[in-house]
Amino acid sequence: MRHLRLLTAGESHGPALVGIVEGMPSGMVLDVERIDRELRRRQRGHGRGGRMKIERDRVELLAGLKQGVTLGSPVAFLVNNKDDVIDRLPVPGDPRPGHADLAGCQKHGHRDPRAVLERASARETAARVAAGGIARQLLEALGVELFAHTVAVGGVEARPDAFEAAGEEREARREASDLLCLDPQADAGMRAAVDAAKAAGDTLGGVFEVVALGLPPGLGGYAAWDERLTGRLAGALMSIPAMKGLEFGLGFEAARRPGSQVHDPIDRAPEGAPWGRFQRRSNRAGGLEGGMTTGEPLVVRVAMKPIPTLRQGLDSVDFASGERVHATWQRSDVTSVPAAGVVGEAMVALVLVDHFLRWRAQCPITAMTRRPSY
Ligand SMILES: Cc1cc2nc3c(=O)[nH]c(=O)nc-3n(C[C@H](O)[C@H](O)[C@H](O)COP(=O)(O)O)c2cc1C
């Protein structure tokens, strides 16, 4: 059973995206501006297309609160679409390669790719970011800091230790970069790569990294396959459209090294360390062992494929005539890696909150039988 659930609905060019987050505890003061800030961050980024100039995403909270405080009932929200033109848009004749269009039409027997693409569109991720904006406020109250940064775009890579190297400047440096990159040199290279791809009518993919600091040891579980945090995070992150690979800590590099250069030795922690007497000497595991957090930073990297809608076009086949055609081009991003990183933060926030709630449910029985204080 899941302790936090998210359901979203809404088409890309319909009136709105809506969502319900069920499971948030009562008594939380929700900051709407904080949620809107996340929505704005999802819309930013060098290489975004025309749609982001039209939309000004803001969340409207519809249920689950009284005077801004959560009631413990489902929190319902809405994000309006300014580009609400679904009934006026033409029917595309051909399914676009790299999208859900063809398999979705084959599944449902549609001949109108729009019947599929309107919902398959990554516009839906705005609802996930709004829900993540709610969930992360609980994480912040629990002392957890969560951020994503771009580590590669179009083959240009940030230095591997970009987040440690940025130190106290991290937040300022990340927000100053519209690619969310912490390495200024790589940032310039990524921008140039995006500009070149745009000029060529092409698109780029890349890699973002999500980091969570301040997580206690033991979040997640080793006892059942579906409580292993490793799998829950991977599933949530890979559910973001266009994600094609994922690694925790050393990731695929761990498969190349001998064990002595992979596992993190356990050591005595200094006096006053946050999680008691033990700590790891390194964090090559990326903060997860046995399906649980170790108390070290959680570090997960996700690879995004290049945007499949290319201005230079790709071959497809016309539904009616069966003739070969060049796929329809609609305004589209050149790269969305920074935006995907913001969606990645939201997905990690939702999974972590689910596991914090699960953790509370797994507390020793003494904690459950304690009488309330009134
Ligand atoms: C934040 C974000 C923005 C995206 N923007 C676009 C876009 O502008 N144009 C496009 O063709 N695909 C875009 N995509 C990718 C497609 O939604 C995705 O590739 C497509 O739905 C097919 O899903 P799949 O790649 O998981 O198979 C975006 C993805 C994300 C996460």
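Predicted model: local features only at pLDDT ≥ 70, side-chain atom pairs only at ≥ 80, totals over all residues.
How much accessible surface does the protein have, and what share of that surface belongs to carbon and sulfur atoms?

**Figure 1. The accessible surface of the protein and its charges.** The accessible surface comes to about 18500 Å², and carbon and sulfur atoms account for 55% of that area. The protein carries 49 positive and 47 negative charges.

**Figure 2. The overall fold of the protein.** Here you can trace 11 helices and 17 strands. The radius of gyration is 22 Å, close to the 21 Å that the globule rule gives for 374 residues, so the protein is as compact as a globular protein of that length. Along the principal axes, the C-alpha atoms fill a box of roughly 70 × 50 × 40 Å.

**Figure 3. Burial and contacts within the protein.** Of the 374 residues, 48% are buried. Take the contacts between residues at least 6 apart in sequence: 71% of them join residues at least 24 apart.

**Figure 4. A close-up of helix H5.** Helix H5 spans residues 125-141, which makes 17 residues. From the first C-alpha to the last, H5 reaches 24 Å, close to the 24 Å expected at 1.5 Å a residue. Helix H5 is also mostly covered, with 15 of its 17 residues buried.

**Figure 5. The residue to look for after helix H5.** Follow the chain beyond H5 and you will meet glycine 143. The phi of glycine 143 is positive, near 85°.

Key:
Residues numbered from 1 in each chain as written. Heavy atoms only, no water. Helix = DSSP H or I, 4+ residues; strand = E, 2+ residues; numbered from the N terminus. Rg over C-alpha atoms; globule rule 2.2 N^0.38 Å. Buried < 20%, exposed > 50% of the residue type's maximum accessible area, 1.4 Å probe, protein only. Contact = heavy atoms within 4.5 Å. Areas by Shrake-Rupley, 256 points an atom, 1.4 Å probe, with all protein chains shown as cover. Lys, Arg positive; Asp, Glu negative; His and termini not counted. Charge placed at Lys NZ, Arg CZ, Asp CG, Glu CD. Expected span 1.5 Å × (residues − 1).
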